[in-house]
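The sequence and the coordinates are shown next.

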Amino acid sequence: MTELEIVRPAGLLDYAEGLALQRDLHADVIAGRSPGVLVLCEHPSVYTAGRRTEPSDLPTNGAPVVEVDRGGRITWHGPGQLVAYPIVRLAVPIDVVAWVRDLEQVIIDAAATVGVDARRIDGRSGAWVRGADGTPPAKVGAIGLHVAEGVTTHGIAINCDNALDAYAAIVPCGIADAGVTTLSAAAGRPVTVADLADVVVDRIRAAEHGMRTGQRIGSAAQCTTTARITTADTTSPSTAPARQETLV
């Protein structure tokens with residue numbers, strides 16, 4: 001099978017231009033002109049609001065927000081954060097939640113290469129770092145997807161060495177009882193987007209290949225070896241059916 005094409009725009013990719021790029025690539029995959037594309041980028045500072053965003057999540061500083069068609073709630077993108085958009089056709093029968101688990105495993109595996117023990121939290125998407133001295137877990141990697149005609153857009157965002165002050169003005173991902181961190185903070189040393197980019201490419205390629213061959217990197221069997229953080233969280237685990245979009 002042909003490997004995913006890799007697109008890595010130079011410099012910061014304007015978010016609106018990134019959305020337009022995703023739309024064009026999505027159309028190419030649907031039409032069969034492309035076997036799938038992985039876009040790796042950094043954006044200028046921007047807040048984006050998914051379909052589940054609540055008014056209480058929005059910036060308290062009056063900053064503008066871009067409404068997007070992905071699932072999930074509000075988040076921030078900016079310099080020092082690695083954003084990966086795998087635009088791929090999901091294997092049939094379509095299982096969106098399984099693809100979310102695969103992308104979580106991409107983040108967890110990438111974090112491990114820089115010495116960070118990122119984990120899942122039951123009932124919450126993304127990858128998390130255990131809090132120190134009883135503090136809540138902190139999210140280091142987020143996921144938000146849209147699926148139309150069996151092809152995905154949007155993807156993952158991994159905090160590498162970005163500043164965290166922008167998160168203070170919002171309720172990140174709509175989760176008020178947990179924090180946000182970076183790989184640099186968790187590792188106790190600088191971890192840059194460049195440090196992580198090639199690893200993320202390799203792991204997303206492995207995830208896409210595993211989806212097609214039935215050897216998913218985020219499968220139930222694989223996940224039994226991946227530690228989880230348990231909390232008193234009462235949010236129900238994601239059981240979204242395979243449909244046009246998943247909200248994560």
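Gly144 stands opposite Gly155 in β10. The model is predicted, so local features are taken only at pLDDT of at least 70 and side-chain atom pairs only at pLDDT 80 or more, while totals for chains, interfaces and linings use all residues. Residues are numbered from 1 along each chain as its sequence is written, and side-chain values use heavy atoms, with hydrogens and water left out.

Helices (H or I, at least four residues) and strands (E, at least two) are DSSP runs numbered from the N terminus. Two strands pair if DSSP finds at least two bridges between them. The pairings described in this report are listed below.

| Strands | Sense | Bridges |
|---|---|---|
| β9 and β10 | antiparallel | 8 bridges |
| β6 (residues 81–87) and β10 | antiparallel | 4 bridges |
| β3 (residues 46–49) and β5 | antiparallel | 4 bridges |

β9 and β10 form a hairpin with 2 residues between them. Glu149, in the turn, has a positive phi of about 55°. Buried means under 20% relative accessible area, exposed over 50%, and partly exposed in between (1.4 Å probe, protein chains only). Because 9 of the 9 residues of β10 are buried, this strand is largely enclosed by the rest of the structure.

Val191 is found in the loop between α3 (183–187) and α4 (193–213), and its relative accessibility of 0% makes it count as buried. Val191 and Asn159 are 32 residues apart along the chain, and their C-alpha atoms are separated by 9.3 Å.

## Strand β5

His77 belongs to strand β5 (residues 74–77). From β5, Ile74 and Trp76 point one way and Thr75 and His77 the other way, and all are buried. For His77 the relative accessible area is 8%. The side chain of His77 is joined to that of Gln81 by a polar contact of 2.7 Å. A polar contact is a pair of N or O atoms within 3.5 Å; within protein, one must be able to donate a hydrogen and the other to accept it, and residues adjacent in sequence count only if both atoms are side-chain atoms. Thr75 of β5 is the bridge partner of Thr48.

## Cavities and a pocket

Rolling a probe the size of a water molecule over the atoms shows where empty space is left. On a 1 Å grid over the protein atoms alone, a cavity is a set of points where a 1.4 Å probe fits but cannot get out, and a pocket is an open set with protein on both sides within 12 Å along at least five of seven lines; lining residues have an atom within 4 Å of a point. Grid points are joined across faces, edges and corners, and a volume is the space filled by probe spheres set on the points.

A search of the whole structure finds 2 cavities of 30 Å³ or more. The largest cavity has a volume of about 80 Å³. Of the 13 residues that line this cavity, Thr75, Lys139, Ala142, Asn159 and Tyr167 are the closest to its centre. β5, β9 and β10 are the elements that give two or more residues to its lining, and β9 has the largest share, 4 residues. Ala, Val, Leu, Ile, Met, Phe, Trp, Tyr, Cys and Pro count as nonpolar, Asp, Glu, Lys and Arg as charged, and the others, Gly among them, as polar. The lining of the largest cavity divides into 8 nonpolar, 4 polar and 1 charged residues.

The second largest pocket has a volume of about 170 Å³. Its lining includes Leu19, Arg23, Glu67, Asp69, His146 and His154. α1 (15–31), β9 (138–148) and β10 (151–159) each supply at least two lining residues, and α1 gives the most, with 4 residues. This lining divides into 3 nonpolar, 5 polar and 3 charged residues.

## Helix α2

Helix α2 (residues 96–113) has 18 residues, of which 16 are buried. The expected span of a helix is 1.5 Å times one less than its number of residues. For α2 this gives 26 Å, which agrees with the 26 Å between its end C-alpha atoms. At the start of α2, a side-chain oxygen of Asp95 reaches to within 3.3 Å of the backbone nitrogen of Val97. Just after α2, Gly115 takes a positive phi of about 80°.
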